[in-house]
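Hi,

Here is the structure I promised to pass on. Have a look at it first, and then read on for what turned up.

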Amino acid sequence: MISVVLFDLDDTLFAHRRAVEDGVVAHLKSLTELPGPFDEGAEATRWTALEEKHYTRYLGGELDYLGQRHARARDFMEPYGITFADNLAAETWFEDYLAHYRAAWTLHDDAVPMLAALRGLRLGIITNGVTHFQQPKLDVLGLTPWFEHIVTSGDFGAVKPDPSIFLHACDLFGVSPASAAYVGDRLNTDAIGAAAAGLAGVWVNRGGAASAEEVRSAAASGVHTITTLAELPPLLAAL
Ligand SMILES: [Mg+2]
């Protein structure tokens, strides 16, 4: 019987990818030194790939938090022949990008209706990131009141899929892992990681867009798969 439901934030409840892509396109359009028009879709994809690359390096301890920002800014602007004189210049560029990113913040449409449908269950967040960056998303988008505990890897000191962060969240709620479910968009980091810690792992394969290989891997790993958050309340009721 599940009594606690824990969620990933980015791209599970919060439409992170959409905000990143809209934000970087708006940022590029605002740069007066840019030498002409650009392919919006291609640049959004390139920025997303650089985020994945350098944020992964940060999570692995290879770069610090600001270092991954500066690396992303430098790599992204290099093809335009724009270089940054120092870290301060890269940070200023990144802060300007963040203003555009924040202006593009939205929740996935299925998030709040799903939370409302889970009435009676205790809810929490486990997110890989730093609190001062993640908490404002929850506050600005009105999510904070839904959650009893919000765990960030930055405060806790370990990142998903390390079992310790899932077990820490269960401890905060005072429940055993078997009484908790974890819901997230990343198969290995979220669903399989949670299942390895003893929680019910739920993978959000949003819109069924994942590769056939990932779908096979999910089936073989014993996690539950949903394609929209609307499927979560009936799934939990059946567990
Ligand atoms: Mg996510």
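This is a predicted model: local features need pLDDT of at least 70, side-chain atom pairs count only at pLDDT 80 or more; totals for chains, interfaces and linings use all residues.

Is Trp 105 buried, exposed or partly exposed? Trp 105 counts as partly exposed, because 17 other C-beta atoms lie within 10 Å and a buried residue would need 20 or more. Leaving out residues up to four places away in sequence, Trp 105 touches Ala 19, Lys 137, Val 140 and Leu 141.

Next, the overall layout. The protein chain is divided into domain 1 (4-15 + 106-238) and domain 2 (16-103). Their C-alpha centres lie 27 Å apart. The contact takes eight residues from domain 1 and six residues from domain 2. On the domain 1 side, the residues that touch domain 2 are four nonpolar, two polar and two charged.

Now for some helices. Two packed helices are described by the angle between their axes and the distance between the axes. Where they meet, H3 brings Leu 66, Arg 69, His 70, Ala 73 and Arg 74, while H4 brings Asn 87, Ala 90, Glu 91, Trp 93 and Phe 94. By class, the residues of this contact are five nonpolar, two polar and three charged.

Then compare H9 with helix H10 (residues 212-221). Their axes come within 11 Å and cross at roughly 10°, which makes H9 roughly parallel to H10. Leu 187, Ile 192 and Ala 195 in H9 meet Glu 214, Ser 217, Ala 218 and Ser 221 in H10. That contact divides into four nonpolar residues, two polar and one charged. H10 has 10 residues and the number buried is one, so H10 lies largely in the open. After H10 comes Gly 222, with a positive phi near 85°.

What about H8 (residues 163-173)? The buried residues of H8 are Ile 165, Phe 166, Ala 169 and Cys 170. Looking down the axis of H8, you would see these buried residues fall within an arc of 140°, so they line one face of the helix. The spacing is worth a thought: an α-helix has 3.6 residues a turn, so residues three or four places apart point the same way. The buried residues of H8 pack against several elements, including strand E1 (4-7), strand E2 (122-127), strand E4 (180-184) and helix H9 (187-196). H8 is followed by Gly 174, whose phi is positive too, near 70°.

Finally, some backbone details to look up. Lys 160 and Pro 161 are joined by a cis peptide bond, with omega about 10°, and Pro 161 lies in the loop between H7 and H8. Asp 11 has a positive phi near 70°, although Asp 11 is not a glycine. You will find Asp 11 in the loop between E1 and helix H1 (16-30). Asp 11 is partly exposed, with 19 other C-beta atoms within 10 Å.

Cheers

Technical notes: Residues are numbered from 1 along each chain as its sequence is written. A residue is buried if 20 or more other C-beta atoms lie within 10 Å of its own, exposed if 12 or fewer, and partly exposed in between; C-beta atoms are placed from the backbone. Helices (H or I, at least four residues) and strands (E, at least two) are DSSP runs, numbered from the N terminus. The arc is that of the directions from the helix axis to the C-beta atoms. Two residues are in contact if their C-beta atoms, placed from the backbone, lie within 7 Å. Domain bounds come from an automatic or database domain assignment. Ala, Val, Leu, Ile, Met, Phe, Trp, Tyr, Cys and Pro count as nonpolar, Asp, Glu, Lys and Arg as charged, and the others, Gly among them, as polar. Axes are lines fitted to C-alpha atoms, for helices over the stretch in contact, and angles run from 0 to 180 degrees between N-to-C directions. Angles under 35 degrees count as roughly parallel, over 145 as roughly antiparallel, 65 to 115 as roughly perpendicular and the rest as oblique.
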